[in-house]
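Q: I have a new structure open and would like a quick tour. Can you walk me through it?
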Amino acid sequence: MRSLIIAARWMAVDRWQAIPVTGRSGVLVILAAGALTAMHTIVRYLSADIHPFELAFFRSLFGFFALSPLFFRHGVGLIRTAQPKLQLLRGITGIGAMLTWFYGLSLVPLAEATALSFTNAILGSIIAAIFLKEHLSRHRLVAVFTGFLGVLVILRPGLIEWNVGTLLVLFSAICWGSSVVMVKQLSRTDTTVSIVVWFGIQLSLLSFPFAVAVWTWPGWTDYAWLGLMGIFGTLGHLAMTRGLKLIDSAAVFPLDFTRLLWAGLFGFAFFAEFPDLWTWVGAGTIIGSTIFFLYRESQVPPGPRPRR
């Protein structure tokens, strides 16, 4: 039985490696989008009884626990990094992004918050081009801005109330865009697991003072949701970080727009939110830009294989 499991595992690995690098990156980022949106859904559900700052702490804590089996397997060498200062800077921007995002989710509907968060794609691509000297080809720009146009169709500027929650979500998008660029820079020297572990440790420590200030003890059933929130967050972070290692971050960003599809699905299933016609039109625009992106990227020969 054990030999069959091992054989099946190696067969799955071989098939995965046979997929072009752009395809593997696309699958990872799309799965990451689904996992992260599931986490956001839980945050919105629990925010009615638990403060968003406390939720941010539990997300970080349980997410770190989800990584604990890796420590038993690899030891403390997991946290080895060649760029500790950049890791610390990413932790600071990450905690700013998480606190403002979680708070924003408690004030803004899930689909609207998700759509607003897509501004990090534009900001991240620009930051990557400036600081990482990544090439913004014409078809990448078309994919990014067409996807963002789809978001604008959904939001229909002028109809959304600009409140504190909206501003918090936008500020979070700026922080996330910067953080993702840092991940790409870190991935040149550090492993995927090292980047995620560093992030988990820092967010657990940095979010604790904010959680204490608003602390209320969760109910027993809430702990199951909190644990699930941490697992989804960690799995999504691992998949996203791995996807960023395979191709340029500017090329990955258009795929992040699929979070809107996940948000629509979860919003319908758990909050009885029914997207209107304009939401479907915008979603179709986003899907079209993603398909166009994948097609053009498949025509480009892959570069040197990055470090795993």
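Predicted model: local features only at pLDDT ≥ 70, side-chain atom pairs only at ≥ 80, totals over all residues.

Q: Let's go inside. Which residues have the most contacts in the largest nonpolar core?
A: Leu55, Phe102 and Met229 do, in a core of 27 residues. Several helices give two or more residues to this core, among them H2 (21-46), H3 (52-66) and H11 (220-246). H5 gives the largest share, six residues.

Q: What is Met229 in contact with, leaving aside neighbours within four places in sequence?
A: Its partners are Met39, Ile42, Val43, Leu55, Phe58, Arg59 and Phe102.

Q: What does the second core include?
A: That separate core has eight residues, including Val29, Ala239, Leu246 and Leu255.

Q: New topic: helix H13. What does it reach from its first C-alpha to its last?
A: H13 covers residues 259-271 and reaches 17 Å, close to the expected 18 Å.

Q: Which residues of H13 are buried?
A: Arg259, Leu260, Ala263, Phe266 and Gly267 are. They span an arc of only 125° around the axis, so they sit on the same side of H13.

Q: What follows H13?
A: Ala272 does, and its phi is positive, near 55°.

Q: Last one: what share of contacts between residues at least 6 apart in sequence join residues at least 24 apart?
A: In this protein, 91% of them do.

Terms used:
Residues numbered from 1 in each chain as written. Heavy atoms only, no water. Contact = heavy atoms within 4.5 Å. Helix = DSSP H or I, 4+ residues; strand = E, 2+ residues; numbered from the N terminus. Expected span 1.5 Å × (residues − 1). Buried < 20%, exposed > 50% of the residue type's maximum accessible area, 1.4 Å probe, protein only. Arc of directions from axis to C-beta. Core = buried A, V, L, I, M, F, W, Y, C linked by side-chain atoms within 4.5 Å.
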